[in-house]
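Subject: Structure handover

Dear colleague,

Here is the structure I promised to pass on. Please open it before you read further.

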Amino acid sequence: MAVCVCATLTLQAQGPDWANFGRYREANKTATHGSKAVFMGNSITDGWAAQRPDFFNENGYIGRGIGGQVTSQMLVRFRADVIDLEPKAVVILAGTNDIAGNNGYISVDDILGNIVSMAELARAHKIKVVLCSVLPVYQYPWSPNVDAVTLIAELNQKLRAYAEEHKIPYVDYYEAMKDERKGLPAALAGDGVHPTAEGYQIMEDMIKPVLDKLVR
């Protein structure tokens with residue numbers, strides 16, 4: 001009996017929709033299938049689509065970011081929010097919330113594994129993949145004790161190696177945006193994590209040519 005009670009409490013604590021399928025359920029019903037690209041991610045992608053909708057609408061992109069999410073959650077909803085939309089490509093920008101510990105500890109190798117699983121699912125469904133580096137962070141405001149600089153560099157190194165091995169385009173936002181502390185300067189992210197308009201402009205200038213070449 002005690003085991004059943006604990007399991008129930010755990011489910012209640014996590015909520016009924018841990019991966020947040022509900023966020024885009026209605027939008028997915030009317031989304032254009034066969035779009036140029038779906039952008040899968042967390043609050044960085046969520047804010048991108050919300051703050052700069054013209055970039056998405058004019059280029060045939062669909063934003064499927066959810067604030068606060070870790071890669072495990074993205075992997076769970078990947079079918080509903082990417083595969084079922086049948087895009088030509090998917091842009092995966094993920095991992096920073098894992099490093100920040102939003103869902104508890106997870107190793108860099110396991111973060112990589114979740115991202116690789118998303119990439120493999122996409123390729124199995126004939127969806128081209130673009131992998132993006134995690135953006136630089138010097139310190140997470142909500143997790144100040146995490147060694148963000150070291151862990152982000154380690155994850156990015158592994159992401160790049162995987163992308164090169166499998167001939168997947170890799171967009172290195174990290175190198176383009178980092179400051180002398182290996183974080184984001186205030187002009188590109190007021191809180192050190194989430195891009196400003198100037199930050200998103202840099203990202204747009206980098207990702208669009210890659211997608212234009214990948215998906216004609």
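Below is what I found, from the whole chain down to single residues.

Bear in mind that this is a predicted model.

**Overall**

The protein chain has 10 helices and 5 strands. Its C-alpha atoms fill a box of roughly 60 × 45 × 35 Å along the principal axes. A compact globule of 216 residues would have a radius of gyration near 17 Å, and the chain agrees with that at 17 Å. Of the 216 residues, 48% count as buried. Take the contacts between residues at least 6 apart in sequence: 76% of them join residues at least 24 apart. The accessible surface comes to about 10400 Å². Carbon and sulfur atoms account for 53% of that surface.

**Helix H8**

H8 covers residues 148-165. At 1.5 Å a residue, its 18 residues should span 26 Å. The end C-alpha atoms are 26 Å apart, so the length agrees.

Which residues of H8 are buried? They are Ala148, Val149, Ile152, Leu155, Asn156, Leu159, Tyr162 and Ala163. Seen down the helix axis, these buried residues fall within an arc of 160 degrees, so they line one face of H8. On the other side, Gln157, Glu164 and Glu165 are exposed.

Most residues other than glycine have a negative phi. Two residues here are worth a look.

Lys167 is not a glycine, yet its phi is positive, about 55 degrees. At 73% relative accessibility, Lys167 counts as exposed.

Glu86 sits in the loop between helix H5 (71-81) and strand E3 (89-93). Glu86 is not a glycine either, and has a positive phi of about 50 degrees. Its relative accessible area is 51%, so Glu86 is exposed, the cut-off being over 50%.

**Lys36**

Lys36 lies in the loop between helix H2 (25-30) and strand E1 (37-41). Its side chain makes a polar contact of 2.7 Å with the side chain of Asp212. Leaving aside residues up to four places away in sequence, Lys36 touches Asn59, Gly60, Tyr61, Lys88, Ala89, Leu211, Asp212 and Val215.

Best wishes

Methods. Residues numbered from 1 in each chain as written. Predicted model: local features only at pLDDT ≥ 70, side-chain atom pairs only at ≥ 80, totals over all residues. Heavy atoms only, no water. Helix = DSSP H or I, 4+ residues; strand = E, 2+ residues; numbered from the N terminus. Expected span 1.5 Å × (residues − 1). Buried < 20%, exposed > 50% of the residue type's maximum accessible area, 1.4 Å probe, protein only. Arc of directions from axis to C-beta. Polar contact = N/O pair within 3.5 Å; in protein donor to acceptor, adjacent residues only side chain to side chain. Contact = heavy atoms within 4.5 Å. Rg over C-alpha atoms; globule rule 2.2 N^0.38 Å. Areas by Shrake-Rupley, 256 points an atom, 1.4 Å probe, with all protein chains shown as cover.
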